[in-house]
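Take a look at the structure first, and then we can walk through the contacts.

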Amino acid sequence: MPDAPNTPAAKPGSRLRKLGLVLPKPPTPLGPYVEVNQVGSLLFLSGTLPIVDGKLAFTGRLGENLSTEQGREAARLAALNALALVQEHLGDLDRVKKLVKLTVLMVTTAQFLEQVTVSDGASNVFVPLFGPELGHVRVVVGVQSLPVGAPVLVETIFEVG
Amino acid sequence: MPDAPNTPAAKPGSRLRKLGLVLPKPPTPLGPYVEVNQVGSLLFLSGTLPIVDGKLAFTGRLGENLSTEQGREAARLAALNALALVQEHLGDLDRVKKLVKLTVLMVTTAQFLEQVTVSDGASNVFVPLFGPELGHVRVVVGVQSLPVGAPVLVETIFEVG
Amino acid sequence: MPDAPNTPAAKPGSRLRKLGLVLPKPPTPLGPYVEVNQVGSLLFLSGTLPIVDGKLAFTGRLGENLSTEQGREAARLAALNALALVQEHLGDLDRVKKLVKLTVLMVTTAQFLEQVTVSDGASNVFVPLFGPELGHVRVVVGVQSLPVGAPVLVETIFEVG
């Protein structure tokens, strides 16, 4: 009998395959910076956006022209772009121990109140891969604007095993 | 003669007791994440809010329906919630060496100018515990919105001794 | 023949001198915090502002009363203030291995779209010093307000060699 996706012994790469998750093409820098930087066991990533096939899947502002559900999907896509960068950098997601910290930045109106639901779209990408016993801390912020009109940006720090 | 609260030899836990600071009940996650994550000697925390007895003590926007003094008190409460998480995670604050980095995020109007004063409400919780010789770096930002309508969020990274 | 500024063997301090870059007087804290904090090989800095001769070179909002080019210059100045802090803390920039992570926060209108260009003003300070082979990751955010009316704040984490 195969391991269930959330068996502690399973590794992130094999969990990804069992979940049938297909990662996008990893994003490339928009300026003179790099997408991934390792110091000791910490892997710092540049902010990732909800990009599919090289284009933003959403633009705009939550509470104005984007729904909470669209924000949640944007957060999911930004999280997949982060995973694509890690896989490209390490060659194999199995070398990742866990996501340490997730920051979800989203463009909102002054009245928007669904920041937590939107952020769950990103967290829900990571939890099945690393298991609930290796969870991430999270910071969630509603901002004024993000690069190239993106509604959501995901900032991540991983631990390499 | 007992040690003064800011004697270098005193430890954070005993300083806390001498200051008579009572920590709130530690907050619990609002989604699929964890509140504390340790990698090596770094302790990363999720964002903490000005919560007292399980409820937000303030909601709103600085410069609109909240005064600078209320923001300062909100920052103080958010900082106490962070300490409560550290104490819960480590069992004892004496195992903390120092606060490494504090980020204070606050919901403001476009015209608000008292970000530094508000942030001091959080810094002033930590300085007497770790001593001025073990200070923290600080980043201060005025944002558009924060989770569940909170006016202030405190983001912290501690060093474990 | 002397090393070109981007020769891998050149060190940041000598590259700085070859580039003729003059660092400003390092900023001092606006509250009870410190400007630099080292944990292991990581050097965390407080947010730095576009300060020249002890005063903000710009105030305001990008897309409103500040142009993209002014924002880019503000980001450059904030980055130089970060380098001044590192040099003051370490005594010599040659002890820095690289900039690990750069976060550029800027006050914008809701419609502003030139966040990347503004941020390049900060990245372009660091790339010639550490070389393109030791790049930094980057997070870019448009915010509502920053301390003391500054339009740009730069947040940095360096690695000490």
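## How the copies are related

To compare chains, copies are superposed by least squares on the C-alpha atoms of residues with pLDDT of at least 70 in both. Superposing chain C on chain A takes a rotation of 120° with 0.0 Å of shift along its axis, at an RMSD of 0.0 Å. That is the relation of a three-fold axis. The copies use different surfaces, since 13% of the contact residues of chain C recur in chain A, where contact means heavy atoms within 4.5 Å.

Chain B is likewise superposed on chain A by a rotation of 120° with 0.0 Å of shift along its axis (RMSD 0.0 Å). Here too the copies use different surfaces, with 15% of the contact residues of chain B recurring in chain A.

## Ground rules

Please keep in mind that this is a predicted model, in which local features need pLDDT of at least 70, side-chain atom pairs count only at pLDDT 80 or more, and totals for chains, interfaces and linings use all residues. Residues are numbered from 1 along each chain as its sequence is written, chains are lettered from A and ligands numbered from 1 in the order in which they are written, and side-chain values use heavy atoms, with hydrogens and water left out.

## Chain B against chain A

At this interface, 26 residues of chain B are in contact with 30 residues of chain A. The area buried between chain B and chain A is about 2100 Å², with carbon and sulfur atoms giving 60% of it; buried area is the accessible area (1.4 Å probe) that two parts lose on being put together, summed over both. Pro32(B), Val39(B) and Gln144(B) supply 27% of the area that chain B buries against chain A, more than any other three residues.

There is 1 salt bridge between chain B and chain A, the term standing for a side-chain nitrogen of Lys or Arg within 4 Å of a carboxyl oxygen of Asp or Glu. It joins Glu155(B) to Lys101(A), whose closest N and O atoms are 2.6 Å apart. Among the elements of chain B, strand S1 (36–39), strand S2 (42–45) and strand S7 (152–160) each supply at least two residues of the side that touches chain A; strands are DSSP runs (E, at least two residues) and helices are too (H or I, at least four), numbered from the N terminus. S1(B) gives the most to that side of chain B, with 4 residues.

## Chain C against chain A

Turning to the other interface, 30 residues of chain C are in contact with 26 residues of chain A. The area buried between chain C and chain A is about 2100 Å², of which 61% comes from carbon and sulfur atoms.

Which residue of chain A forms a salt bridge with Lys101(C)? The partner is Glu155(A), and the closest N and O atoms are 2.6 Å apart. On the side of chain C that touches chain A, strand S5 (96–107), helix H3 (115–130), strand S6 (137–143) and strand S7 (152–160) of chain C each supply at least two residues. The largest share of that side, 7 residues, comes from S6(C).
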